[in-house]
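Please read this report with the sequence and the three-dimensional view side by side.

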Amino acid sequence: MNIKATEDAPLLDVLVKAFPESNKTHLKKAVRFGCVAFRGAVLRHPGFLIKAGQEISFKKYGERDTCREKPPFRVLFEDDEIIAVFKPAGILSTGRTTEKIRSMFGAVNKYVLEKSRGNRRAYTVHRLDREVSGILLFAKSEQSRNFLQENWDRVEKHYYALVQGVPAKKEATLRSWLKENARQVVYSVPEEEEGAKWSITHYKIIGSFVWNGEEAPRQDALFSLLRIRLETGRKNQIRVHMSDMGCPIVGDRKYGADASVRRAVRLFAYSISFPHPLQQRRVNLEISLPAHFTYITTQTEY
């Protein structure tokens, strides 16, 4: 059965109000045995705060769901304060979702809630574009989230990007003011103006290719593999800067890529380094470039 809270209250108080004939000891046991769920996650802490208007589900002992603590995603790092996961392309980092549109936040939050028995939840630290895959970081407390966001200038992020053509320089830094229009398209403007944000992107060519992932000298290449370091983290920053220099990311039709290639943005967040919120150390995470990342055919395969 579903129970809607009429006021902000701990889970146990919500249950006492819904089941006045039951004693608190019985209801505490029901919570501990996994009979209560909130937004798809099993709650096992009687003190978990339920806000007015929120709905929980209650099942009898024999009908309850077992807590699945094995996450349905790849965990790259986890401790009591932070969790880093692999986000596949095509999945939202966060935001409103349906059964057909999933988000990494929803999956990670459910996992953290279940594993901590309702004592912890996930907090969004940063985002990757829906079309981008790679390392995504979440905090497990508001304090850790705030620390990471306030110290974001100490975070180092690196990407691989497969772009069309060959940049004029083997290694360079791109700088511009970025704005976003009503159609959610980001673009560069020549000078500072209202709503514009300064952005800096560093890149280096590390490979050049023709069709089917075959390596080729730069003068014959159709595609270039770049290693990219962000100095600022603006929305669509890498995608806009690559397009600005005439080398849009392969598959990124939003920013001018060839429409004959499958619409799958070849941008991969492979490395992140950040100061730990509580420990006096840095956490350094890196994952390998996906197989076939540089494999492009004249058809729409990837």
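A residue is called buried when its relative accessible area is under 20%, exposed when the value is over 50%, and partly exposed in between, with a 1.4 Å probe and only protein chains taken into account. By this rule Cys 35, at 5% relative accessibility, counts as buried, and Cys 247 is buried as well, with a relative accessible area of 4%. A disulfide is a covalent bond between the sulfur atoms of two cysteines. The working criterion here is a pair of cysteine sulfur atoms within 2.5 Å, and a search of the whole structure finds zero disulfides.

The model is predicted, so local features need a pLDDT of at least 70 and side-chain atom pairs count only at pLDDT 80 or more, while totals for chains, interfaces and linings use all residues. Residues are numbered from 1 along each chain as its sequence is written, and side-chain values use heavy atoms, with hydrogens and water left out.

**The whole chain**

Helices (H or I, at least four residues) and strands (E, at least two) are DSSP runs, numbered from the N terminus, and the chain has five helices and 17 strands. Taken along the principal axes, the C-alpha atoms fill a box of roughly 80 × 40 × 40 Å. The chain has 302 residues, of which 48% count as buried. A contact means heavy atoms within 4.5 Å; among contacts with a separation of 6 or more, 61% come from residues 24 or more positions apart.

Accessible areas come from the Shrake-Rupley method with a 1.4 Å probe, and for residues only the protein chains shown count as cover. The chain exposes about 16,400 Å², and carbon and sulfur atoms supply 45% of that area. For charges, Lys and Arg count as positive and Asp and Glu as negative, while His and the chain ends are not counted, and the place of a charge is taken as NZ of Lys, CZ of Arg, CG of Asp or CD of Glu. On this basis the chain has 50 positive and 35 negative side chains, and the centres of the two sets lie 4 Å apart.

**Strands and their partners**

Two strands pair if DSSP finds at least two bridges between them.

| Strand | Partner | Bridges |
|---|---|---|
| β11 (residues 156-164) | β15 | eight bridges |
| β14 (residues 197-209) | β15 | eight bridges |
| β1 (residues 2-4) | β6 | three bridges |
| β3 (residues 36-38) | β6 | two bridges |
| β16 (residues 267-275) | β17 | five bridges |

Why is strand β15 largely enclosed by the rest of the structure? Six of the eight residues of β15 (residues 223-230) are buried, and therefore the strand is largely enclosed. Within its pairings, Arg 227 of β15 is the bridge partner of Tyr 160, and Phe 223 of β15 stands opposite Phe 209.

Lys 4 stands opposite Glu 55, and Val 36 is the bridge partner of Phe 58.

In strand β17 (residues 282-286), Val 283 and Leu 285 form a covered face, while Arg 282, Asn 284 and Glu 286 form an uncovered one. Leu 285 is the bridge partner of Ile 272, and a hairpin joins β16 to β17 through six residues.

**Single residues**

Thr 124 belongs to strand β9 (residues 123-124) and is buried, with a relative accessible area of 14%. Leaving aside residues up to four places away in sequence, Thr 124 touches Thr 94, Phe 105, Phe 138, Arg 145 and Gln 149.

Thr 294 lies in the segment after β17 and is also buried, with a relative accessible area of 15%. Thr 294 and Gly 207 are 87 residues apart in sequence and 9.4 Å apart in space, C-alpha to C-alpha.

Most residues other than glycine have a negative phi. Arg 117, however, has a positive phi near 55 degrees; Arg 117 lies in the loop between α3 (104-115) and β9 and is partly exposed at 45% relative accessibility. Asn 212 has a positive phi of about 60 degrees, sits in the loop between β14 and β15, and is partly exposed at 44% relative accessibility.
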